[in-house]
Amino acid sequence: MNGPILALRGVTKSYPQGGFLDRLVGAASRFVALDDVTLEVARGDVVGIVGESGSGKSTLASLAVGLTRPTAGEVLLDGEPLAALMRDHAAPWRRRIQMVFQDSSSALNPRKTIARCLAETLALRGVPHQAWEAETVALLGLVGLGAETAPRLPHELSGGQRQRVGLARALAMKPDILIADEPVSSLDVSLQAQVINLLSRLAVDLGLTLLFISHDLAVVRTLCSRIIVMRQGRIVEDGPCRDVLERPTHPYTQLLISSVPRGIAGRRTAVAAAATGAAG
Amino acid sequence: MSAPLLEVEDLHVGFRGADGIVEAVRGVDFSVAPGEIVGVVGESGSGKSLSMLAVMRLLGTTARITGGRVRFAGEDLLAAGEARMRDIRGRDIAMVFQDPQSALNPALTIGRQMTDVVRAHRRVSAGGARRIAAEALERVGISDAARRLDAYPHQFSGGMRQRALIAMAIACRPRLLIADEPTTALDVTVQAQIVNLIAELRRDLDLAVVFISHNLQLVAEIVDRVMVMYGGRVVEDGPVADIETAARHPYTRLLKACVPSLQGPLGPLTTIEGAPPRLGRMPAGCPFAPRCPQAVDRCEREMPALVADAGRRVACWRPQ
């Protein structure tokens, strides 16, 4: 298929705002988390979605996975509307699009061993139980973990190892699209580099379409070929990674780029940036 | 060089475990000069926060100082009584933490929380305390400060909450500010503002600052000196320009190399294989030896001492 694997057409997501009384008198407003977003993602693309808290980047992710439904507009997978897929073929749709979360400790059940956690996912995909053990070892190998990880509980692993398990669990479904929501921002820098390299390699080896949500432009530059910059529920800039970073057109993108710490090279500009940044 | 404001010698901090004391800070030496800004860099578990909490004597019940000396302006802080420490904390040494949300009481106004601190340390009237609080808020860049004093923490954004906490910290004119990852929970644009604010305050108030962070690139923008910690030890320490351009410890070099940047070549990132040592399973020799590409037998067996040379210190058998 040549069309986009994932598309959003005029997608808006809003939530009621204000207390019970406001709603009673009809004074409640709505908070718009995502505002009329249209977007196409080609198969095999590695897309970085960048923005600060409240920009709508995580809302976009949960809409794409089908965890929330749009208030207006539609989400399409391979040209088919998500709403219809969810009604008629929920299981296969969910298999094809998987997610890795920021906080690996709360994304894994603390009482289940890694083997059990992966086996449950394999069962969902319909893998016969005789094959679970071999598949588990293969999946752990794929994310750079040894078979000795399988009988462990999440708390016995380091943050970097847990994040790899989260990734293995997502890959167990053999997804076409992987959405990673800030998967490295809670990791120490030395482990962050390991996970970024791993994601980069897996995207190529498995032909994954990767949506990488992050606030860190330098990480996105390393991993992605395209950048989407979001602010207040809207896409403010979208283009090839190099173009966006070297010739940003939107002032907000320029501000984001100038905010990336640059070590001693950033010393002279430090005070100037403070003067231009608004308080709060 | 003037006499140091803060002097820490051979500091040890341990946790009581099932098999006796487990050491997490294992002989840390450093000093901070008046008006100096020092970046303390390391990954989780390196002992950077724990060392500073020990300096403030804020370890709580699980951890304890098992050895060493801490002197602030010549006074032995480890011999000071709890009442004396309460005087020092907030007035002479102030601290700002990572999460501005949990450091503020959600049920009290910003003004009430600030005036409480001021009145705990200075003999001023309620009106006087409020004026001092408003001035401090103004100083950290919050406009319309007098009115904002009546706001509750939830009415502030994350960046404003951190500014308010910094205002609270400087309201009593401390000589030392310990900032523990003050920008980690904030958005990047706000992070840049807070870092610049700390640099400005240091300049204007002649404040010494210990800036704890896991991000070497971030601290390098404002600090005079960088101290790198790993496995409960100081592994390298020196002027920021030297650490940035000619780090001598392999860990410092790798730590710099594995952070992606907006410049530089693309391609796979440099990684440090393995994971930081876990508490209670510290290697006998150099704590970094198991992950170090340059390690030789001696590194595994013997702990290298922190050796001073021309204003720099490095703890490595094979410094570069």
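Chain A contains 13 helices and 10 strands. Its radius of gyration is 20 Å, close to the 19 Å that the globule rule gives for 280 residues, so chain A is as compact as a globular protein of that length. Along the principal axes, the C-alpha atoms of chain A fill a box of roughly 60 × 55 × 45 Å. Buried residues make up 43% of the 280 residues in this chain. Among the contacts in chain A with a separation of 6 or more, 67% are between residues 24 or more positions apart.

The confidence of the prediction for chain A has a mean pLDDT of 87, and 93% of the residues in this chain reach 70 or more. Residues 270-280 of chain A have a pLDDT below 50, although this stretch has 21 contacts in the model beyond near neighbours in sequence. Where pLDDT is low, the predicted coordinates should not be read in detail.

Helix α7 of chain A spans residues 132-142, and its buried residues are T136(A), L139(A) and L140(A). These three cover an arc of only 100 degrees around the axis, which puts them on the same side of α7(A). An α-helix has 3.6 residues a turn, so residues three or four places apart point the same way. A134(A) and G141(A), on the other side of α7(A), are exposed. The packing partners of the buried residues of α7(A) are α6 (114-124) and α8 (159-171) of chain A. Just after α7(A), a positive phi of about 80 degrees is found at G144(A).

The contact between the two chains involves 38 residues from chain A and 42 residues from chain B. On the side of chain B that touches chain A, the elements giving two or more residues are α7 (158-170), α8 (188-205), α9 (216-220) and α10 (240-246) of chain B. The largest share of this side comes from α8(B), which gives nine residues. By residue class, the side of chain B that touches chain A comprises 22 nonpolar, 15 polar and five charged residues.

Chain B itself is divided into two parts, domain 1 (6-92 + 174-314) and domain 2 (102-173). The C-alpha centres of domain 1 of chain B and domain 2 of chain B are 29 Å apart. Contacts between these domains link 13 residues of domain 1 of chain B with 14 residues of domain 2 of chain B. On the domain 1 side, α2 (82-91) and α8 of chain B each supply at least two residues. With six residues, α8(B) gives the most to the side of domain 1 of chain B that touches domain 2 of chain B. The residues of that side divide into 10 nonpolar, two polar and one charged.

The buried residues of α1(B) are K48(B), S49(B), L50(B), S51(B), M52(B), A54(B) and V55(B).

Conventions
Residues numbered from 1 in each chain as written. Chains lettered and ligands numbered in written order. Predicted model: local features only at pLDDT ≥ 70, side-chain atom pairs only at ≥ 80, totals over all residues. Helix = DSSP H or I, 4+ residues; strand = E, 2+ residues; numbered from the N terminus. Rg over C-alpha atoms; globule rule 2.2 N^0.38 Å. Buried ≥ 20, exposed ≤ 12 C-beta atoms within 10 Å, placed from the backbone. Contact = placed C-beta atoms within 7 Å. Nonpolar A, V, L, I, M, F, W, Y, C, P; charged D, E, K, R; others polar. pLDDT = per-residue confidence, 0-100. Arc of directions from axis to C-beta. Domains from an automatic or database assignment.
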